Amino acid sequence: MKKSFILIALALVCCMLMTACTGGAKSGGKILNVQVGPDPETLDPALNSAVDGGNMLLHTFECLLTVDQNGAIAPGCAEKWESSEDGLTWTFHLRKGLKWSDGSAFTASDFVYSWQRVADPATAAPYADTVLWPVENFDAVFAGEMAPSELGVSAPDDQTFVVKLSAACPYFESLAAFATLSPVNKATVEKNGDAWAVSPDTYVSNGPFMITEWVPGSHIVTMKNPNYWNKDAIKLDGIKWLLIEDSNASYSAYQTGEALFIKDVPTEEIPSLMNNPEFHIDPIIGTYYLNLNCTKEPFNDERVRKAMSLAIDRDYVAGTIMQGTYVAAYNFMGPGWADPAGGDFYANANGGKPYISSDYEANLAEAKALMQEAGYSGSEDNLDIKITYSTNDSGYHKVVAEYLQQAWKQIGIDMSVEIVEWASFTPMRRAGDYMAARNGWVGDYSDPSNMIELLYSSNGNNDGKYNNPDFDAAIDISRSTMDVNERSAALHQAEDILMETAGCVPVAYYTDFYLQSSKITGMWHSPYGYWYFMYADFSE
Amino acid sequence: MTKYIIKRLVMAILTVFIVATLTFFLMNAVPGGPYEAEKSISPQAKAALEAKFGLDQPLFTQYLTYMKNILHGDFGPSLKQRGREVIDIILTKFPVSAKVGGLSVLVSLIVGIPVGCIAALNRGKASDSTIIVIATIGIAVPSFVVCSLSMYLFGVKLGWLPTVGLMSWKNYIMPVFALSFYPTAYIVRLMRSSMLDALGQDYMRTARAKGVSETVSLFKHALRNAILPVVTYVGPMMAYTLTGSFIVEKVFTIPGLGGEFVSSITNRDYMMIMGTTIFLATLMVFINFVVDIVYKIIDPRINLK
């Protein structure tokens with residue numbers, strides 16, 4: 001009796017568990033399954049600071065301006081816009097008849113509210129000063145000394161949004177297209193607080209798609225927004241974002257057809273994918289570089305820094321160690337950055353030729369000579385400099401470190417590698433508590449200031465503690481002038497100084513490598529690391 | 001018995017309190033913080049964030065506030081997953097992990113106990129050696145290998161099973177298999193050795209001498225005694241399995257709690273670290289308590305004092 005009771009109970013539990021296992025999968029129509037990253041930390045535009053979150057926000061929200069397929073600024077919510085002569089007043093004219101995804105009317109005051117919300121210190125928006133720094137009264141508002149309503153934004157009528165700047169910002173249009181400054185719906189934000197952005201029921205947006213389902217750690221479903229002004233151009237019924245964290249898992253999903261696009265490809269599969277037409281390697285604006293702590297010996301001597309830079313065989317690092325998923329960097333600013341004077345900043349740098357020659361043998365000889373000039377042996381036989389190189393262990397960081405050990409040994413440097421856990425690594429580097437370390441940056445927008453200012457003496461990301469008054473002076477000019485040619489010249493001069501003094505050591509330019517099924521048409525990839533699926537279509 | 005239960009309850013609360021206190025100070029002693037990234041946010045933005053979540057307060061004040069809040073059932077907001085409460089994350093993700101974990105505990109018991117017994121009863125024969133070899137492999141092969149291999153074979157090559165998420169019952173097969181692989185093997189070995197031990201005991205000889213049938217002597221006498229070590233093992237194993245596995249959940253994209261344990265630490269999401277730790281500690285203490293009671297039922301000689 002007792003035994004049969006236990007058996008029946010066991011069977012019941014099994015049945016319950018099995019029935020609990022079924023269900024799920026709804027929402028019909030033409031749904032594109034893609035993977036761009038794991039669970040986003042937030043999909044509140046003001047709070048997001050991650051690339052994968054930013055990629056989804058591009059599809060659920062639309063800013064004043066957008067970036068088109070060619071990387072040029074294009075109309076978004078604003079149909080037309082103009083700036084005053086002095087560049088301090090920007091006026092945006094919104095499209096007529098704009099609506100939120102819940103059908104309510106969308107007006108210029110929604111932008112006023114959203115921009116004030118980003119500036120409000122109570123919102124604690126991580127990108128607030130990156131995107132709003134030039135706006136009048138921003139500093140005081142963000143410091144809590146002024147009310148958010150004092151921010152220099154206004155809506156004279158429902159169709160007009162005006163921004164007043166305290167300093168001219170030559171790339172202000174890029175900021176107006178930045179996801180952080182997406183409009184958010186005041187009614188839902190005020191009713192639900194920070195939680196408005198975690199549930200599809202309260203997630204009101206204005207972009208081509210709207211969230212209809214979010215299972216954290218599993219998937220997000222965004223369906224076509226019937227209230228989007230350009231809905232007729234949208235061919236998909238929806239996009240399902242698979243929140244896969246493991247690259248082997250995403251690769252399996254791609255192979256089984258569960259995903260038609262994956263961003264995370266396992267690096268060990270790359271050699272076998274090189275001839276696959278569905279495997280893409282696209283450059284993005286960003287550089288993998290090394291910091292040599294300029295406050296510490298021997299790196300306070302620019303000859304040593306320069307020698308260490310020259311001793312690296314960049315073609316070997318990018319092509320072999322990084323399996324061709326990076327591009328050798330002979331400048332700090334790689335291809336894709338927009339020259340304020342027009343054209344590609346990279347193509348115009350250093351009179352059109354790379355700062356570092358690609359002739360490795362000659363570079364190495366020069367490196368040895370520089371080391372001797374600085375008073376060291378510069379030879380493998382006498383390792384008279386001992387340094388520690390710090391890095392976290394992910395991607396190619398460790399193998400690059402092992403390569404550097406070999407490379408720098410040739411010029412008399414005995415390097416040991418210190419692997420630091422990720423969450424400890426960045427604060428340690430920021431505090432300057434290291435000798436040499438890896439670093440990297442991917443541009444938020446294509447204005448060169450976004451990356452070259454990292455080396456400005458007082459910049460919060462100046463981890464190498466590079467401090468060169470000439471460099472700072474050039475940056476100061478680039479910040480203050482409204483003349484595009486003068487600004488361009490100043491930025492180029494800054495890079496000249498940086499490369500001449502080896503303020504940091506560029507190694508490789510980042511790329512995005514991904515698998516995209518040939519069934520997909522009409523999508524594109526931007527040099528900021530975003531994929532645009534909104535106008536995509538796919539064949540069954 | 002009542003006295004025993006009250007005593008255990010007080011001990012349990014004390015244990016969880018100590019775990020919470022130690023975790024709180026240890027996690028704050030580790031360098032880094034929740035708002036560190038490759039691109040540092042500005043000091044002003046960081047200050048605004050820290051002020052919002054009370055991280056600018058002295059550590060001891062933070063500790064007191066936190067302890068006071070959890071007494072009111074308030075585990076605070078996640079510092080990284082903005083807009084989500086820690087308790088909501090745990091309560092939505094735990095059932096998912098518990099479902100997958102519960103199934104694999106069942107599988108490992110249903111497979112492990114009989115197979116272990118079979119091995120013991122056939123000691124030295126070919127079937128015993130085969131079981132031992134398979135069980136040893138089961139213990140030696142790490143779960144990520146099991147995950148990747150099964151995913152490659154059944155998902156990619158044969159195309160029988162889906163590899164992402166938990167949309168249908170088919171999605172459960174591979175994760176449950178991967179998750180139950182190790183405990184099954186462990187239970188087989190445990191069961192085999194304790195069964196062998198029990199079979200050699202005097203009471204078994206006595207039972208046989210008294211003419212008790214082989215089935216009764218095996219199930220009533222040997223199995224009941226032999227199962228005690230398995231019960232001891234299954235208790236904590238259940239707590240770990242129910243709360244999810246980081247690796248299995250990551251590989252099969254299961255929205256469970258397992259991933260939260262690990263990512264909360266690498267993210268320095270202090271609120272999540274505390275929430276998940278207290279949750280696991282409570283579950284652990286509770287299951288151990290249940291195990292003790294079960295002991296008493298299986299073996300009346302055990303004195304609960």
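Two residues are in contact when their C-beta atoms, placed from the backbone, lie within 7 Å. With that rule, residues 24 or more positions apart account for 66% of the contacts in chain A that have a separation of 6 or more. The structure is a predicted model, in which local features need pLDDT of at least 70, side-chain atom pairs count only at pLDDT 80 or more, and totals for chains, interfaces and linings use all residues. Residues are numbered from 1 along each chain as its sequence is written, while chains are lettered from A and ligands numbered from 1 in the order in which they are written.

## The two chains

Let us start with the overall picture. Helices (DSSP runs of H or I, at least four residues) and strands (runs of E, at least two) are numbered from the N terminus. Chain A has 18 helices and 21 strands, whereas chain B has 13 helices and zero strands.

A residue is called buried if 20 or more other C-beta atoms lie within 10 Å of its own, exposed if 12 or fewer do, and partly exposed in between. The table puts some values for the chains side by side.

| Chain | Span along the principal axes | Buried residues |
|---|---|---|
| Chain A | about 80 × 80 × 45 Å | 50% of the 540 residues |
| Chain B | roughly 85 × 60 × 30 Å | 40% of the 305 residues |

In chain B, 74% of the contacts between residues at least 6 apart in sequence join residues at least 24 apart. For chain A there is also a check on overall size. The radius of gyration is taken over C-alpha atoms, and the globule rule is 2.2 Å times the number of residues to the power 0.38. For 540 residues, a compact globule would come out near 24 Å, and the 26 Å of chain A agrees with that.

## Inside the core

A nonpolar core is a set of buried Ala, Val, Leu, Ile, Met, Phe, Trp, Tyr and Cys residues joined through C-beta atoms within 7 Å. The largest one here has 235 residues, and A:V34, A:C63 and A:A508 have the most contacts inside it. What does A:C63 touch, not counting residues up to four places away in sequence? Its partners include A:G76, A:C77, A:F178 and A:L181.

## A sheet of four strands

Two strands pair if DSSP finds at least two bridges between them. Strands of a sheet pair through backbone hydrogen bonds, either parallel or antiparallel. In chain A, four strands make an open antiparallel sheet in the order 4-5-7-6. Strand 4 (78–83) and strand 6 (153–157) stand at its edges with a single partner strand each, so one side of each has no neighbour in the sheet. On average, neighbouring strands of this sheet are turned by 20° against each other, direction ignored.

Strand 4 of chain A and strand 5 (residues 89–94) of chain A run antiparallel and are joined by five bridges; here A:E82 has A:T91 in strand 5 as its bridge partner. Helix 3 (residues 108–119) of chain A lies across strand 5, strand 6 and strand 7 (160–164), at about 170° to strand 6. Such angles run from 0 to 180 degrees between N-to-C directions, with axes fitted to C-alpha atoms, for helices over the stretch in contact.

## Around strand 9

Strand 9 (residues 219–224) of chain A has five of its six residues buried. Strand 9 pairs in the antiparallel sense with strand 8 (residues 209–215) of chain A over six bridges, and A:W214 stands opposite A:I220 in strand 9. Three residues lie between the strands of this hairpin, where A:G217 takes a positive phi near 80°. Strand 9 also pairs antiparallel with strand 10 (residues 238–242) of chain A, over five bridges; A:V221 has A:K240 in strand 10 as its bridge partner.

A:P208 sits in the loop between helix 7 (186–192) and strand 8 of chain A. Is A:P208 buried or exposed? A:P208 counts as buried because it has 25 C-beta neighbours inside 10 Å. Beyond its neighbours within four places in sequence, A:P208 contacts several residues, among them A:H59, A:K224 and A:M534.

## Where the chains meet

The contact takes 54 residues from chain A and 47 residues from chain B. On the side of chain A that touches chain B, helix 15 of chain A gives the most, with seven residues. By class, this side has 30 nonpolar, 16 polar and eight charged residues. Here Ala, Val, Leu, Ile, Met, Phe, Trp, Tyr, Cys and Pro count as nonpolar, Asp, Glu, Lys and Arg as charged, and the others, Gly among them, as polar.
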